[in-house]
Amino acid sequence: GGMAPQKQQRMLKKKPEIVIATPGRLWELIQEKQPHLSNLRQLRCLVIDEADRMVERGHFLELSQLLEMLSDTQHNPKRQTFVFSATLTLIHQAPTRVLQKKNAIKIDRKTKLEMLMQKVGIKGKPKVIDLTRKEATVETLTETRIHCDTEEKDYYLYYFLLQHPGRTMVFANSIDCIKRLTALLTIMDCNPLPLHANMHQKQRLKNLERFAERNSCPLLTTDVAARGLDIPYVQHVIHYQVPRTSELYVHRSGRTARAANEGLSLLLIGPHDLINFKKIYKTLKKDEELPFFPVEAKYMTAIKERVNLARQIEKIEYFNSRAKHQNSWLQQAAEALELDLDDDALTGGQFTEREESEKHRMLKGMKKQLKHLLSQPVFKGLMKTKYPTQSGKLVLSDYIGQHSQSALSAISKVQVKKARKKQ
């Protein structure tokens, strides 16, 4: 999917034994009577990855049609069917108001698997192999959080990227959020790479390639990159917005701490994220509270000054770009209809040459001021920690020469002190 169909047609002429495809493109090629895909009765293995997502109601209609065909006209009784997912056994109970209805079904692990087998068309008693840990995330993953107001998230994101350089994936729930963060971090010389569904596949692949090549780089992405990507040595995953489901949290966090490597997952939790955070915590049956990520408050004034100035520049540039685009469209439409366009109809009105010059000078001055701020070190006399998860623990940045202390050990000391006071 997303690649040129003509190229795929040429590849299929070579009669490959293994075909890896998205359901939509595979169904499209079968419908077009592609010779290599015409006789699926010879199919020996059918593998469905990310199965819980594939069989969700209202998603991947082509997969349902494909499965129907494979269990009917193209059925091979000797075919093996394999179903994979990291979140097959995660159960979300419906709200109480839904469960109180007459025909409501309370889903447990067994029911969910039975429903899945039925949709996939597996008959008889399938062999279920569950390798999931109780916490649903791997042991080498360090999970942390920061509680803050929504407008403060930019500060903590910039603080993290500046203090802990490395290969970092930043997840958000919307494309608009990714676009805004890309513009903001670009202004602050962080060189971010965006990835979302509104981008062409070619550009997405190019950005993924660049991300994999760079040792220190933020990839700003929606949940299109939550599954199916294996980028080596991603050190950090930042949830700029808390995901809506525990499945998404597990898959996002699974982009790091892969193949026995260590990794860090950081949740930025605003007031509106609390409901989703509590829901995820309950579903994943976490025994202990997630530790707070250590942030040195004394450096936040410098961070805020930079981010606030960058925000002002981003807002002005965004408005100017949008107004320019809108006015250009209006003028073209007016010319096509042979109408005279009133200045009041233009977005933001029509500015005089003097006003335009003043705006340009003000923006230039703000950029110069930001450039000066960015040239100054924020963490004076401090040693940056490239990997916050060295030795599987969060490492606090301390003055050179002092003992470094992990955030987890600092938290445990506080807990010990509290326990002693209670005694």
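**Close-up views of a predicted model**

**View 1. Met188 and its neighbours.** Leaving out residues up to four places away in sequence, Met188 touches Tyr158, Arg306, Val307, Ala310 and Leu374; a contact here means heavy atoms within 4.5 Å. This is a predicted model, in which local features need pLDDT of at least 70 and side-chain atom pairs count only at pLDDT 80 or more, while totals for chains, interfaces and linings use all residues. Residues are numbered from 1 along each chain as its sequence is written, and side-chain values use heavy atoms, with hydrogens and water left out.

**View 2. The largest nonpolar core.** This core has 39 residues, and those with the most contacts inside it are Leu157, Met188, Leu266, Leu268 and Ile303. A nonpolar core is a set of buried Ala, Val, Leu, Ile, Met, Phe, Trp, Tyr and Cys residues joined through side-chain atoms within 4.5 Å. Buried means under 20% relative accessible area, exposed means over 50%, and partly exposed is in between (1.4 Å probe, protein chains only). The elements giving two or more residues to the core are H7, H8, strand E8 (263–269), helix H12 (300–336) and helix H13 (353–375). Helices (H or I, at least four residues) and strands (E, at least two) are DSSP runs, numbered from the N terminus. H7 gives the most, with 7 residues. A second, separate core has 22 residues, including Leu26, Leu40, Ile48 and Val120.

**View 3. Arg180 and Asp154, a link between helices.** The two side chains meet in a salt bridge, 3.0 Å from N to O. A salt bridge is a side-chain nitrogen of Lys or Arg within 4 Å of a carboxyl oxygen of Asp or Glu. Arg180 sits in helix H8 (residues 175–187) and Asp154 in helix H7 (residues 153–163), so this pair, 26 residues apart, links distant parts of the chain. Arg180 is partly exposed because its relative accessible area is 26%, whereas Asp154, at 4%, counts as buried.

View 4. How far apart are the closest N and O atoms in the salt bridge of Arg227 with Glu50? They are 2.6 Å apart. Arg227 lies in the loop between strand E6 (217–221) and strand E7 (236–239), and Glu50 in the loop between strand E1 (45–48) and helix H3 (51–54), so the pair ties together parts 177 residues apart in sequence. Both Arg227 and Glu50 are buried. Salt bridges that share partners also bring in Asp52, joining Glu50, Asp52 and Arg227 into one network.

View 5. Glu28 is partly exposed at 34% relative accessibility, while Arg25 is buried at 14%. A search of the whole structure finds 12 salt bridges.

**View 6. A nonpolar patch on the surface.** Val47, Phe82 and Phe84 form this patch, with about 270 Å² of accessible area together. Patches are made of residues with over 30% relative accessible area and no salt bridge, with like charges joined within 9 Å and nonpolar side chains (Val, Leu, Ile, Met, Phe, Trp, Tyr) within 5 Å. Accessible areas come from the Shrake-Rupley method with a 1.4 Å probe; for residues, only the protein chains shown count as cover. Phe82 is found in strand E2 (residues 80–83) and counts as partly exposed, at 31% relative accessibility.
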